[in-house]
Amino acid sequence: MAATANADTNVGHGALIEAVDRALTTHGRAVLTGPAGSGKTEVASAVAAAAARRHETVLRLAPEAADREIPEAAAAALLASVPRATLDRLAGPQRTAIALLRREADAPRAGRDHVALRLAVVEVLRTLAVPGPVLLVLDNAQWLDPESTDLLRFALRLTPPRVRVLAAECVQGGAPVAEPLCGPGTPVVRIPALGADEVAELLLRHGLPARLAGRIHQASGGNPRLALALGHSLAEAAACQGGAHHADSLPLTGQAREVARRLLAAAPGRTRPTLLLAALAARPTTALLRRAGRPDAEAELAEAERAALVTVGEDGAVAFTAGALPAALAADAGWPERAAGHAALAAAVDDPVQAVRHRALAVDTPDADLAAEITRAADACRRRGQRALAAELGLLAAERTPARLAQDELARLVAAAEDAGWAGRADLARRATRAVLARDASPAQRVRARLAVIDAAGQALADLDETIAHAVADAAGDPALQAAVQLRIAWKHNIGDGDPVRSRDAAAQAGTLAKAGGDQVAEAMALTVRARMGRILGDPDAEEILAQALALPAPEVPLGMRNAPQYLAVRHALFDDRLADARRQLLVLLPAVQRTGSAEDVFEVLRSLTETELRRGHCARGTAHARRALELTIEAGLSPGPAWYVAATAEAAGGSFTRAAGYARRGIRASEEEGDQVFLSRGLFALGTVELATGEAAKAVATLRRVAALEEAQQVVDPSVLRWHGELAEALVAADAPAEAAALLDRVTPVARALERTTVLAALDRARGLCLSAQGEPEPAVALLETTAERFGALGLPLEQGRTLLALARVERRRRRRAPARAALRAAAGLFEAAGAAPWLELARESAPETSGPHPGVASLTEAETRLALLVGGGASNQEAAAKLFLSVKTVEARLTRIYQKLDVRSRAQLATALRGR
């Protein structure tokens with residue numbers, strides 16, 4: 001009975017499948033364990049499918065929970081899958097024993113012959129193993145009935161080594177029950193939880209929004225089945241409500257709740273009250289749970305830890321392994337049980353804010369004094385920078401406000417909405433705003449609430465036209481409110497519409513309104529947007545506008561440091577490669593934004609620190625900042641497109657080109673889903689750069705042309721904002737289109753020169769050097785590349801200098817000047833090694849010329865011709881080569897003709913010989 005693998009859900013298990021295969025090859029037995037939904041069935045199916053492809057006999061047994069109570073049910077099901085011809089070869093008593101087991105005959109008066117049955121199972125397995133190996137897959141081994149387990153244990157002791165056994169069972173802690181069945185010393189392979197990247201890949205394969213990956217990873221704890229169930233629930237809820245949910249407000253319904261319940265069922269029932277208390281607490285510890293009335297908390301949590309439901313730190317801190325588990329516990333508990341739990345925690349916690357929160361959650365009746373106390377606690381959280389908690393408390397305060405205090409209730413709801421907007425909690429912002437709009441709120445209150453929804457949306461501004469339209473209508477007649485609305489419109493035109501001209505115009509209108517309304521903070525923000533758009537559009541007055549913004553008061557709530565002139569000044573320093581200045585200012589801003597509680601502000605500073613350190617050639621530091629930015633994005637539920645772009649740039653500089661491409665593709669998908677034109681361009685740029693570095697020139701050209709089209713649609717003029725021009729020119733040269741590359745360089749160079757973008761000009765000169773070489777002018781190419789490498793060195797840009805030396809080595813090698821090529825490669829490798837640029841260092845070492853090279857004519861081939869020659873020389877057909885290189889078959893045929901002429905060969909065999917040593 002052959003099995004098939006479920007490739008759609010078998011994500012992140014490649015190494016695991018190999019580990020199981022190794023265990024089976026070495027020991028003939030393997031036990032696969034993991035919690036419910038972890039992917040055991042998928043891994044076992046993949047191993048079985050591989051065995052079937054090798055023409056092995058595969059027997060599969062997958063009992064269900066009810067089967068454990070039916071004696072010999074599993075053994076009967078297994079033997080039912082054995083071909084009749086195999087059974088017919090058995091001796092009479094053995095055939096009779098199996099017929100009785102399969103209920104194909106009546107039991108004799110003397111009773112069943114259990115010895116004959118045991119020997120029959122042994123003989124069946126031996127017979128199946130005669131023509132070739134047999135793989136017995138026992139899925140859900142924990143549900144084998146005792147009689148079948150005993151029968152299989154006896155049979156497997158006597159079977160030949162050609163009978164291999166893979167037992168997969170759901171086990172949370174302790175020794176697997178299948179281990180004795182397979183025999184002592186059987187390797188046990190445990191399935192680890194999926195990482196955030198693997199959850200993203202799982203969602204993509206199932207057509208679910210990639211932007212939810214971080215939240216779903218947190219909520220599922222990396223359990224594939226729970227992740228998929230949550231993904232479907234979140235996607236449906238987001239589609240219905242027009243926005244993404246946060247992981248703290250999961251729509252835990254249907255299959256997601258059932259999966260969570262199955263996981264929770266792995267712990268003994270006596271642990272349930274303690275787990276519920278831990279679920280209700282904000283920061284549960286064993287000491288807190290003891291004080292709250294669970295004296296045996298340590299022992300009960302130890303059982304839950306063995307069931308893989310929680311982890312308990314050395315300091316007693318308790319953390320659930322999946323965010324959906326506390327939500328499921330709270331949802332399944334009744335109101336009296338939850339209220340009692342909150343009351344116990346209110347008396348046990350030592351944080352006054354949490355004590356107030358628990359007292360509020362322990363009652364469901366209005367109380368003016370309690371509402372006022374909750375409001376004071378929300379104010380304290382706001383001062384601490386705990387804006388998400390402030391939003392939650394604000395909503396609680398509104399719910400506990402008596403009806404006679406309607407205006408107090410409205411003020412608390414509006415404050416909660418603004419706190420949620422600041423924290424990026426779209427779920428809380430929408431909840432508070434719905435409550436505001438359902439009451440007799442003033443136009444100003446409605447505007448403030450709607451602006452909070454816009455602020456909480458992150459990069460996903462494309463679908464907020466209706467919210468903005470209502471805000472515009474409500475703000476009529478109030479210049480300060482109109483200015484605030486116009487500012488959001490300006491951001492939306494830039495991020496969601498990719499239109500910097502309209503963004504600049506809206507910002508100008510916002511500035512005029514802010515000045516009329518006496519709001520200097522909003523005026524500074526409007527000037528900042530104008531300066532940002534001016535830089536993009538190549539406006540020479542952009543720096544003067546930024547100076548005007550810097551002269552006004554620093555920003556305060558709700559606009560954020562990321563929209564402040566101080567931060568834009570840092571970005572301009574980064575664009576101009578004034579890296580020491582940028583880094584110094586960023587290190588001043590980082591603690592400031594960490595105090596405010598705005599996750600988006602912290603992310604923006606970490607993003608700029610990453611880019612600054614990478615440009616300076618400090619890859620380890622840059623990668624550390626990128627990692628923190630990605631962790632923050634997942635933890636806070638921010639839009640993931642920007643974080644994946646940052647991770648891609650860090651990996652491309654100091655990690656792995658493969659991982660960089662993966663991050664870039666996820667960032668592209670997330671930005672497309674959210675309608676984020678700005679980071680869509682950046683994600684494509686990161687991917688195109690990696691494709692160029694890894695020799696996929698045709699792909700790089702296609703990807704970078706998409707960047708060019710987006711930048712053109714966005715009317716971007718300044719080439720220092722996103723430096724794709726030189727990359728595309730290099731890709732065009734590598735794809736054998738030097739004339740097109742030269743035309744691109746001729747268009748952008750005057751702009752860069754007029755704007756005095758020194759480092760951009762150096763990158764363009766690197767591309768021009770390669771272009772000159774491809775056009776048959778090697779001497780000027782070498783001279784230009786040598787000069788450009790020196791310029792990058794003087795500018796303190798070691799990675800760019802190393803890349804230029806790589807380009808120089810390629811040109812020198814094409815001129816058959818091996819010594820200069822080796823010298824350039826050694827110099828590049830030294831720079832990359834000092835910077836910690838691992839993928840570039842590997843590239844430099846791979847590019848080193850061989851001591852005994854191929855046919856001398858190979859040096860005359862262009863990079864595009866070389867790639868085609870290597871493919872065809874390696875046995876690819878014209879059609880296969882065309883598909884690989886994204887070319888037409890006619891283009892491949894034309895290039896092959898030129899290659900044959902240059903190498904003086906007449907056949908593919910001669911071509912392969914000429915390339916030997918390449």
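Biologist: Which residues of helix H3 are buried?

Modeller: This is a predicted model, and in it the buried residues of H3, which spans residues 73-80, are Ala74, Ala75, Ala76, Leu78 and Leu79.

Biologist: And what covers those buried residues of H3?

Modeller: The cover includes strands E2 and E3. It also includes helix H4 (84-88), helix H5 (92-101), helix H6 (114-128) and helix H7 (146-158).

Biologist: How many bridges join E3 to E4?

Modeller: Five, between E3 (residues 134-138) and E4 (residues 163-170), and the two strands run parallel. If you want a spot to look at, find Val137, which stands opposite Leu166 in E4.

Biologist: Okay, new topic: Pro224. Where is Pro224, and is Pro224 buried or exposed?

Modeller: Pro224 is in helix H11, residues 224-241. Pro224 counts as buried because its relative accessibility is 7%, and the cut-off for buried is under 20%.

Biologist: What does Pro224 touch, leaving out residues up to four places away in sequence?

Modeller: Pro224 touches Gly37, Ser38, Gly39, Leu194 and Leu202.

Biologist: How far apart are Pro224 and Ala344 in space?

Modeller: They are 35 Å apart, C-alpha to C-alpha, and 120 residues apart in sequence.

Biologist: Let's jump to H37 and H38. At what angle do their axes cross?

Modeller: At roughly 165 degrees, and the axes come within 7 Å. H37 covers residues 725-734 and H38 covers residues 738-754. The two helices are therefore roughly antiparallel to each other, and their crossing is left-handed.

Biologist: Which residues make that contact?

Modeller: On H37, look for His725, Leu728, Ala729, Leu732 and Val733. On H38, look for Pro738, Glu740, Ala741, Leu744, Leu745 and Val748. By class, the contact has nine nonpolar residues, one polar and one charged.

Biologist: What about Glu756, what is its phi?

Modeller: Phi of Glu756 is positive, about 60 degrees, although Glu756 is not a glycine. Glu756 lies in the loop between H38 and helix H39 (758-774).

Biologist: Is Glu756 buried or exposed?

Modeller: Exposed, because Glu756 has 66% relative accessibility and the cut-off for exposed is over 50%.

Biologist: And Asp577, where does Asp577 lie?

Modeller: In the loop between helix H29 (565-575) and helix H30 (579-596). Asp577 has a positive phi as well, near 60 degrees, and is a residue other than glycine. At 11% relative accessibility, Asp577 counts as buried.

Biologist: Zooming out, how many helices and strands are in the chain?

Modeller: There are 47 helices and seven strands. The chain has 918 residues, and 57% of them count as buried.

Biologist: What box do the C-alpha atoms fill?

Modeller: Roughly 105 × 95 × 45 Å, taken along the principal axes. As for contacts between residues at least 6 apart in sequence, 68% join residues at least 24 apart.

Key
Residues are numbered from 1 along each chain as its sequence is written. This is a predicted model: local features need pLDDT of at least 70, side-chain atom pairs count only at pLDDT 80 or more; totals for chains, interfaces and linings use all residues. Side-chain values use heavy atoms; hydrogens and water are left out. Axes are lines fitted to C-alpha atoms, for helices over the stretch in contact, and angles run from 0 to 180 degrees between N-to-C directions. Helices (H or I, at least four residues) and strands (E, at least two) are DSSP runs, numbered from the N terminus. Angles under 35 degrees count as roughly parallel, over 145 as roughly antiparallel, 65 to 115 as roughly perpendicular and the rest as oblique. A crossing is left-handed if the near helix is turned anticlockwise from the far one by less than a right angle, and right-handed if clockwise. Contact means heavy atoms within 4.5 Å. Ala, Val, Leu, Ile, Met, Phe, Trp, Tyr, Cys and Pro count as nonpolar, Asp, Glu, Lys and Arg as charged, and the others, Gly among them, as polar. Buried means under 20% relative accessible area, exposed over 50%, partly exposed in between (1.4 Å probe, protein chains only). Two strands pair if DSSP finds at least two bridges between them.
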